[in-house]
Amino acid sequence: MTKFLAILKREYIQRVRAKMFIVSTILLPVVMSSFAIVPAVILNLPAGPMRVAVIDQTGKLYGRLEEALAKDEGGDQPDQNRPGPEMVDRDIQLDQVASVGPDAAAERAKLDDRLRAKDLDGYLVLPQDFVAHGKAEFFNNNPGDELSRRILQSVLTRAVREQRLIEAQVAPETRQGLFQPIELQSVKIGATGEERDSGGGFILVFGVGFIMYLAILMYGQVILGAVIEEKETRIAEILFSSVRPFTLMMGKLVGVSLVALTQLAIWATAFSVFALYGVNLLASRGLKAGIPNIPFVQYVYFGLFFLLGYFIYATIYALVGSMVTTTQEGGQLAMPIILILVVSFYLFLPVSRSPDSSFSFWVSIIPFSAPVAMLVRIVTRTPPFWQIALSLLIGFGTVLSIMWVAARIYRVGMLMYGKRASIPEALRWARQA
Amino acid sequence: MNTDVTVQLDRVSKSFGDFTAVKELSLTVRAGRVFGLLGPNGAGKTTTIRMIVNITAPDSGSISVFGQKINEALQNRIGYLPEERGLYRRMKVVDQLRFFAELKNVRGKNVEKKIDEWLARIKLSDWKTKRSMELSKGMQQKIQFLTAVLHEPDLLILDEPFSGLDPINLELLKEIVLDLKRAGKTIIFSTHQMEVAEKICDDICLLNRSQKVFEGSLREIKSSFGRNSIALRLVGGDGVLDDPALVSKLVRHADEVQALLAKGADAQVLLRRLIDAGATIERFEMVEPSLNDIFITKVTEHA
């Protein structure tokens, strides 16, 4: 046990002290948030207002258009019924061109000239029967600009809708009421009665799954490297004159995992601070957000199944590490692991649809899919305790078994010196004393 | 069981698949002596050592160390420097030594003092806080040596400890090994460098093709061979030395020749024949065979 701790301590301290750890701790959130922010910033690069001239042959829509635009810019409340991309916005500058009558052709020729002179981005022609048929044309010299066309279409849609309601003589208050957004609340019938649940459980499962995925993606390779380290530096034999291979492997696995958990904890703390700030901000604007309302015991399950999921996949990396001699070789062999992980993630859907089916039962017992599948079952229709316990037992049992096999393969591989094990060889090595 | 015996192997065999690494090997390492495990490459030296250190288990036969069947607890009393050895590249020398000591259940303040003492002894005190990747190969080798002795083991096993060392460092480590012996430690020393083994071993065991060829004290084996080796420095008389009835083996050095007398041949007859052949003889001396000669003779006989 003391030797296990010695290995764990070395593994942990060496890694946490490394510059790499500090840099990645700081850099990853920066990179991640820039993934979210940069595209939005690029899409919203100031393009200047879109200058649109309107030939309004209906004679009544121009005003509606201006109203719709004004509402769009002034409104704090997001219009939930508004179609089109929410993230992208572009100001529209309208310009009415008097145009009723036979002068239309001449007016259009003038507008065409302004288009060519880049004095204008485009012009709308709203035919007389537009309100009834809803077909109009937008002339411009950049038909590839789909986003701008959509924004224009959305504004136009609202203007026409308003006009149609007025023509149907709908009272202004009724018009307001018609567009009141609705809210759909899902209510879970649990053993104790009704529980209001705004899907927070699902979001949590998804979050846990995502963090698991992230941790594996980042630390799987680290574990692989850690297992190979003693082979590459040729220290393995010295170590084996002091510790059992299994102790060595477990020390490494747990040591690296604690590094991963440390990093996650740092991020979680930082995130919580921001989130708290964000929640307060939302609250001050009248929006409520909070910790999902689920029983405490479920948080314990979340923790346990997160650890299970992490360790199941981490040990496969350790197993691969025990078979290969260099990190590069290991990287190639490790690819399928990610595939299994992704597949097990997609089980989310079928399990949430029928959490009580025998399919759901089995995937929540099989260690590789259990972490996500069982959590989905827990938040939908909590299975009996014995199933949860069984799943955890089998899962952690599998972790230990894989490590045991990995330790044996590692030891024999070390005795063979720098030979990469094929799968049948690895199996034979595992059997050898 | 005799307390003077540190390691005892009794008909130990080990094979890997079809390959037999060690076959029916019995040997006795006496306490407080330097025991040389000698043999050509692939003779089974390393496998034998690994079984003694409990890295791998024998297929059959028994091994006892310090009078007990080998077990994990005994590992703490053994220091092992394998032929395949390295250091953690990014770890500081002092952290590294502390870690290896910890793996032998040695920790605490005392360790710090010992690390300083040992570093001073191998003249690397200035490198204490350097990462091992900054050290030269020879320095790394000396640090590796420390990892095997820092916890003051009663049994020290060294597999090719001096390969690649310059003469000064070789002498330094050799002195340390002999000091440890004087302090009552038992040392198993595996090598195929006969010149080094000859200088520090008390007892030797010759292995060839997974089997024991010879075991005993170095003195005994040398005297059993008798003085049938002749060191010669001469001009002319070539044909005489090539006569297989007189000389069984001839080794030519830069300006000297070493001749091993054939069985039943007389040195005086050889000398007379050389003079008759008109050779000018500057040196004609009957010497003890070197361990190297014995090694080659024994291994060739065995084959």
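In the predicted model, Arg10(A), Glu11(A), Arg15(A), Glu229(A), Glu230(A) and Lys252(A) are joined to one another in a network of salt bridges. One of the links is the salt bridge between Glu229(A) and Lys252(A), whose closest N and O atoms lie 3.9 Å apart. Over all chains, the structure holds 42 salt bridges.

Salt bridges also occur between the two chains, where 5 are counted between chain B and chain A. In one of them, the side chains of Glu102(B) and Lys9(A) meet at 3.2 Å, taken from N to O. The pair crosses from helix α3 of chain B, which holds Glu102(B), to helix α1 (residues 2–17) of chain A, which holds Lys9(A). The two partners fall into separate classes of accessibility, because Glu102(B), at 9%, counts as buried, whereas Lys9(A), at 40%, counts as partly exposed.

A further salt bridge is formed by the side chains of Glu84(B) and Arg234(A), with an N to O distance of 3.4 Å. Glu84(B) is located in the loop between β6 (78–81) and α3 of chain B, and Arg234(A) in the loop between α8 and α9 (236–240) of chain A, so that this pair, too, joins two chains. Glu84(B) counts as partly exposed at 23% relative accessibility, and Arg234(A) likewise counts as partly exposed at 38%.

Considered as a whole, the interface brings 26 residues of chain B into contact with 25 residues of chain A. The area buried between the chains is about 2700 Å², and carbon and sulfur atoms give 55% of this area. Of the area that chain B buries against chain A, 24% is supplied by Glu84(B), Tyr88(B) and Leu103(B), which is more than any other three residues supply.

Between chain B and chain A, 13 residue pairs are in polar contact, with both residues at pLDDT 80 or more. On the side of chain B that touches chain A, the elements giving two or more residues are α1 (45–52), α2 (72–75) and α3 (93–102) of chain B, and α3(B) gives the most, with 4 residues. By class, this side of chain B comprises 10 nonpolar, 6 polar and 10 charged residues.

Key:
Residues are numbered from 1 along each chain as its sequence is written. Chains are lettered from A and ligands numbered from 1 in the order in which they are written. This is a predicted model: local features need pLDDT of at least 70, side-chain atom pairs count only at pLDDT 80 or more; totals for chains, interfaces and linings use all residues. Side-chain values use heavy atoms; hydrogens and water are left out. Contact means heavy atoms within 4.5 Å. Buried area is the accessible area (1.4 Å probe) that two parts lose on being put together, summed over both. A salt bridge is a side-chain nitrogen of Lys or Arg within 4 Å of a carboxyl oxygen of Asp or Glu. A polar contact is a pair of N or O atoms within 3.5 Å; within protein, one must be able to donate a hydrogen and the other to accept it, and residues adjacent in sequence count only if both atoms are side-chain atoms. Ala, Val, Leu, Ile, Met, Phe, Trp, Tyr, Cys and Pro count as nonpolar, Asp, Glu, Lys and Arg as charged, and the others, Gly among them, as polar. Buried means under 20% relative accessible area, exposed over 50%, partly exposed in between (1.4 Å probe, protein chains only).
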